[in-house]
Amino acid sequence: MNAYSVSLDFTKPSLFARIALSTQIPLTMATTVSKTVRVAAAQMTSVNDLMTNFATCSRLVQEAALAGAKLICFPENFSFVGDKEGESVKIAEPLDGPVMQRYCSLARDSNIWLSLGGFQERFDDTHLCNTHVVIDDAGMIRDTYQKMHLFDVDVPGGSSYKESSFTIPGTKIVSVDSPVGRLGLTVCYDLRFPKIYQQLRFDQKAQVLLVPSAFTKVTGEAHWEILLRARAIETQCYVIAAAQAGKHNEKRESYGDTLIIDPWGTVVGRLPDRVSTGIVVADIDFSLIDSVRTKMPIDKQRVSLDL
């Protein structure tokens with residue numbers, strides 16, 4: 001069986017597609033879901049304009065739908081990246097507000113599931129929740145996850161960040177069934193904390209882990225790919241990591257490098273240009289998940305340690 005991924009780049013006048021072929025040994029699939037299903041991950045450079053970002057998302061959704069994807073994943077802060085302190089709190093809305101309802105309509109009209117990483121959900125006048133929203137192809141919100149681990153960091157050689165100054169952390173681990181398998185929901189800085197991914201896999205039976213992100217350029221260069229591949233390997237899940245990319249404003253730049261990684265830790269989808277706007281498409285192969293987990297049954301071999 002041939003498995004393949006298609007990378008689409010929209011920064012050029014004509015659609016650019018790159019097909020990377022790899023051969024995998026077919027095995028009997030022990031799941032009731034289709035053997036393979038196509039997904040897409042978006043890369044973009046969000047700005048402080050809600051309608052500009054929505055137009056970009058709409059274009060990428062249409063391309064993903066045309067490519068046969070059942071789900072498209074967007075990065076953290078897909079709908080808004082502020083220029084000034086306090087802007088994100090100011091524009092934050094509840095999930096039944098006009099911004100999210102616009103994306104619900106987009107999912108319904110395009111007949112595709114959306115993973116919307118890092119929506120600014122209003123909490124109160126001075127705080128928001130960094131919320132990962134999953135919308136089905138009927139335009140209904142299936143579930144939400146509020147980012148647990150907040151980015152309070154002095155980046156070496158870079159800027160200082162204190163997400164907790166305006167964000168309320170979540171307290172609940174969330175997974176949701178979808179046409180592309182059972183999804184484990186996380187956001188960006190969660191990536192550095194393996195326990196949440198272990199719980200998603202072993203307690204909540206996730207098959208695909210979603211990591212929408214806006215990694216800084218410095219931390220992305222150092223740790224982005226290696227952390228993502230580690231999470232895939234140690235959980236034996238697909239990992240879909242949609243990323244913000246490039247300069248949002250004079251003060252903020254994101255690393256980019258949107259990736260789709262299989263349960264063996266192999267990168268099966270990647271945009272040719274780390275900072276371009278576009279989508280990468282790959283197939284989730286449920287027989288590969290079963291194969292990796294059967295040959296290396298870590299779920300049965302784990303030792304419970306109370307340290």
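Me: Where is Q236 found?
Reply: This is a predicted model, in which local features need pLDDT of at least 70, side-chain atom pairs count only at pLDDT 80 or more, and totals for chains, interfaces and linings use all residues. Residues are numbered from 1 along each chain as its sequence is written, and side-chain values use heavy atoms, leaving out hydrogens and water. Helices (H or I, at least four residues) and strands (E, at least two) are DSSP runs, numbered from the N terminus. Q236 is found in the loop between helix 5 and strand 13 (238-241).

Me: Is Q236 buried or exposed?
Reply: Buried means under 20% relative accessible area, exposed over 50%, and partly exposed in between (1.4 Å probe, protein chains only). The relative accessible area of Q236 is 1%, so Q236 is buried.

Me: What is the phi of C188?
Reply: C188 is placed in the loop between strand 11 (181-185) and helix 4. Its relative accessible area is 7%, so C188 is buried. Most residues other than glycine have a negative phi. C188 is not a glycine, yet its phi is positive, about 45°.

Me: Which residue follows helix 4 with a positive phi?
Reply: Helix 4 covers residues 194-203, and its buried residues are I196, Y197, L200, R201 and F202. The residue that follows helix 4 has a positive phi near 65°, and that residue is K205.

Me: Which residues does S213 contact, leaving aside its neighbours within four places in sequence?
Reply: S213 sits in the loop between strand 12 (208-210) and helix 5 (217-235). Its relative accessibility is 0%, so S213 counts as buried. Contact means heavy atoms within 4.5 Å. With those neighbours set aside, the residues in contact with S213 are P75, E76, C188, W224, A242, A243 and Q244.

Me: Which residues touch the most other members of the largest nonpolar core?
Reply: A nonpolar core is a set of buried Ala, Val, Leu, Ile, Met, Phe, Trp, Tyr and Cys residues joined through side-chain atoms within 4.5 Å. In soluble globular proteins, nonpolar side chains tend to be buried together. The largest such core here has 51 residues, and those touching the most other members are W224 and L228.

Me: How many residues are in the second, separate core?
Reply: W224, from the largest core, has contacts that include L191, F215, Y255 and L259. The second core is separate; I72, L95, V133 and V281 are among its members, and its residues number 27.

Me: How many residues apart in sequence are the parts that the pair F151 and Y189 ties together?
Reply: Rings of Phe, Tyr and Trp (its six-membered ring) pair if their centres lie within 6.5 Å; planes under 30 degrees apart count as stacked, over 60 as edge-to-face and the rest as tilted. The ring centres of F151 and Y189 are 5.1 Å apart with planes at 75°, so this pair is edge-to-face. F151 lies in the loop between strand 7 (141-146) and strand 8 (152-154), and Y189 in the loop between strand 11 and helix 4, so the distance along the sequence between the parts tied together is 38 residues.

Me: Which ring does the charged end of R302 sit over?
Reply: A charge sits over a ring if NZ of Lys or CZ of Arg is within 6 Å of the ring centre and within 35 degrees of the ring normal. The charged end of R302 is 4.0 Å from the centre of its ring, which belongs to F202.
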